[in-house]
Amino acid sequence: MKTQTKIKVESLDFYYGQTQALFNVSMEIAEKQVTALIGPSGCGKSTFLRMFNRMNDIIDGTWHTGRVLIENMDIYNNGIDVVALRKKVGMVFQKSNPFPKSIYDNVVYGPKIHGVRGKAELDEIVERSLRDAALWEEVKDRLDLNAMQLSGGQQQRLCIARALAVEPDILLMDEPASALDPKSTARVENLIGELRRNYTIVIVTHNMQQAARVSDFTGFFYEGRLVEFDATEVIFTKPKNRQTEDYITGRFG
Amino acid sequence: MKSKTKSRAARNKAWELLAAGLIRAVSYSIVVVIGYIVLDIVVKGLPAVNWDFISTFPRKSGSEGGILPAIVGTAYLVAGAIVVAMPLGMASAVYLSEYASQGRFTRIIRLAIITLAGVPSIVFGLFGLGLFVIFFGFGASILSGSLTLAFMILPTIIVSSEEALRAVPQSLREGSLALGATRWQTIYRNVLPYALPGMFTGSILGVGRAAGETAPILFTVAAFYLPRLPSSVFDQVMALPYHLYVLATQLPEAEKVLPLQYGTALVLLLLVLIFNLAAIVLRNHFRKKVQW
């Protein structure tokens with residue numbers, strides 16, 4: 001499998017105040033592939049994910065050393081426009097967080113902020129994003145319904161649609177299915193399978209089966225360190241590290 | 001041995017009953033006190049309150065006639081205080097809860113706000129006299145009085161606005177920022193719309209307090225008697241609490257005007273009650289509308 005590197009992380013250390021959360025993490029994430037980050041709670045995988053769109057910036061007292069490059073650009077350089085970065089790097093959160101607005105207004109929130117004004121253009125973005133998020137058929141007749149009235153699974157797909165509406169290159173997903181029932185989870189997983197053709201996807205998950213099902217590459221985090229990173233089939237069939245093996249076989253975690 | 005545990009159980013039970021009864025009695029007594037005050041004012045004030053009373057000027061230094069200028073004056077002062085204090089207070093709350101990093105500097109600001117809330121109202125009155133009336137040369141006027149009241153209710157507005165902002169889930173901010181919105185876009189489009197009802201409610205509660213205060217307006221605006229309604233913000237006005245004070249202490253025939261005192265107190269009480277009720281209705285209305 002020949003792939004290009006989209007995101008490159010070089011010896012990253014990350015701190016919440018005095019507490020170090022990530023230790024010397026280096027990783028290369030391939031373009032238009034699904035990369036899963038697994039590990040027990042508190043292992044730093046979500047923190048790591050939030051480095052890629054600089055969401056950790058909004059937490060007081062955090063700092064890091066090392067570099068994070070997206071398309072060979074250090075995204076923590078002083079000259080970087082965080083707004084442009086976040087437009088390019090979309091994010092879907094663990095707890096689905098639709099805005100308490102209509103379905104339509106949820107989807108156009110991003111495009112409007114980035115200056116799209118035309119009604120026809122916005123309509124088109126709404127349809128395309130909802131279709132890409134496999135939600136269009138369910139909501140096309142009630143786009144002015146408050147998003148809070150949708151089911152949990154629909155809400156999460158709406159959040160995916162909202163992220164797609166600003167046309168990102170990279171999609172970060174922080175345990176996108178952990179609060180969903182099995183049926184909704186399956187839909188989201190299928191969706192990830194569809195999206196990987198056009199997007200570079202990094203997904204944090206608790207669920208090992210999910211990582212095995214949806215991802216091309218898997219990184220195993222433990223206590224802030226990247227223990228092992230390889231093609232998913234290698235990680236799940238013949239891991240090189242003892243800790244990885246123990247974790248995926250359910251001996252701890 | 002067995003009877004010992006039994007008697008301990010009985011003793012525990014007795015203490016339980018006693019404690020519960022005592023606590024209940026204390027909390028009921030609050031209602032009794034409030035109820036007595038309100039009932040007393042309503043019973044004694046209601047006979048004095050009629051259309052004439054609220055629509056005419058006082059006569060014979062207040063011992064006869066109505067309280068129209070005092071009602072109008074209080075309305076102006078309260079409106080002025082809102083216009084000044086709401087933007088200031090809400091802006092401070094947005095800064096403190098959305099922008100400022102939580103460090104030593106914000107701790108100092110918060111300490112200042114708490115201190116401001118604890119300053120006695122007569123001190124605000126003197127502060128208003130020194131700063132607005134004398135130093136800025138506004139004289140005793142609606143402007144001076146409103147500004148003084150505004151500073152007095154500022155802490156209430158800031159604290160309750162901050163609370164309303166904190167009630168907006170962090171996930172809405174993160175969701176907006178993650179889409180590439182700036183902080184201000186996030187606040188303006190995705191935080192303020194959901195926080196504003198709560199911010200207004202808190203502000204109105206502060207306003208209720210401003211309407212009833214006497215000390216801050218004593219030196220800065222309140223007039224003993226005025227033959228006409230104010231025509232600019234540099235005019236003095238009469239005000240309900242001060243008028244009540246005058247009726248109760250400054251007239252020789254205090255006994256004779258007792259009904260008028262109670263009438264004035266009732267009008268003031270109603271005014272504050274209306275403000276608070278409006279706040280509660282507003283809050284309930286918006287709480288139903290916004291759901292996360």
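## A threonine after helix 10 of chain A

In this predicted model, a polar atom of the side chain of A:Thr249 lies 3.2 Å from the backbone oxygen of A:Asp246, and the side chain of A:Thr249 also reaches the backbone oxygen of A:Glu245, at 2.6 Å. A:Thr249 belongs to the segment that follows helix 10 (242–248) of chain A, where helices are DSSP runs of H or I with at least four residues, numbered from the N terminus. With a relative accessible area of 46%, A:Thr249 is partly exposed, a class that lies between buried (under 20%) and exposed (over 50%), with a 1.4 Å probe and protein chains only. The C-alpha atoms of A:Thr249 and A:Met208 are separated by 9.3 Å, and these residues are 41 residues apart along the chain.

Residues are numbered from 1 along each chain as its sequence is written, while chains are lettered from A and ligands numbered from 1 in the order in which they are written. Local features need pLDDT of at least 70 and side-chain atom pairs count only at pLDDT 80 or more, whereas totals for chains, interfaces and linings use all residues, and side-chain values use heavy atoms, with hydrogens and water left out.

A:Asn106 sits in helix 3 (residues 103–113) of chain A and is buried, with a relative accessible area of 0%. Leaving aside residues up to four places away in sequence, A:Asn106 touches A:Pro98, A:Phe99, A:Lys101, A:Ala147, A:Leu158 and A:Arg162, a contact being heavy atoms within 4.5 Å.

## Where chain B meets chain A

In the contact between the two chains, 22 residues of chain B take part with 27 residues of chain A. About 2000 Å² is buried between chain B and chain A, with carbon and sulfur atoms giving 57% of this area; buried area is the accessible area (1.4 Å probe) that two parts lose on being put together, summed over both. On the side of chain B, the residues that lose the most area to chain A are B:Ala178, B:Leu179 and B:Arg189, which together account for 31% of what that side buries.

One salt bridge is counted between chain B and chain A, the term standing for a side-chain nitrogen of Lys or Arg within 4 Å of a carboxyl oxygen of Asp or Glu. The side chains of B:Glu174 and A:Arg50 meet in a salt bridge, at 3.0 Å from N to O. Helix 7 (170–178) and helix 8 (183–212) of chain B are the elements that give two or more residues to the side touching chain A, and helix 7 of chain B gives the most, with eight residues. By class, that side of chain B has seven nonpolar, twelve polar and three charged residues.

## Two domains within chain B

Chain B is divided into domain 1 (2–48) and domain 2 (51–291), with bounds that come from an automatic or database domain assignment. Taken over C-alpha atoms, the centres of domain 1 and domain 2 of chain B are 34 Å apart, and eight residues of domain 1 are in contact with eight residues of domain 2.

Together, domain 1 and domain 2 of chain B bury about 660 Å² between them, 81% of it on carbon and sulfur atoms. Within domain 1 of chain B, B:Ile41, B:Lys44 and B:Ala48 lose the most area to domain 2, together 67% of what that side buries. Across this interface of domain 1 and domain 2 of chain B, zero salt bridges are found.

Technical notes: Ala, Val, Leu, Ile, Met, Phe, Trp, Tyr, Cys and Pro count as nonpolar, Asp, Glu, Lys and Arg as charged, and the others, Gly among them, as polar. A polar contact is a pair of N or O atoms within 3.5 Å; within protein, one must be able to donate a hydrogen and the other to accept it, and residues adjacent in sequence count only if both atoms are side-chain atoms.
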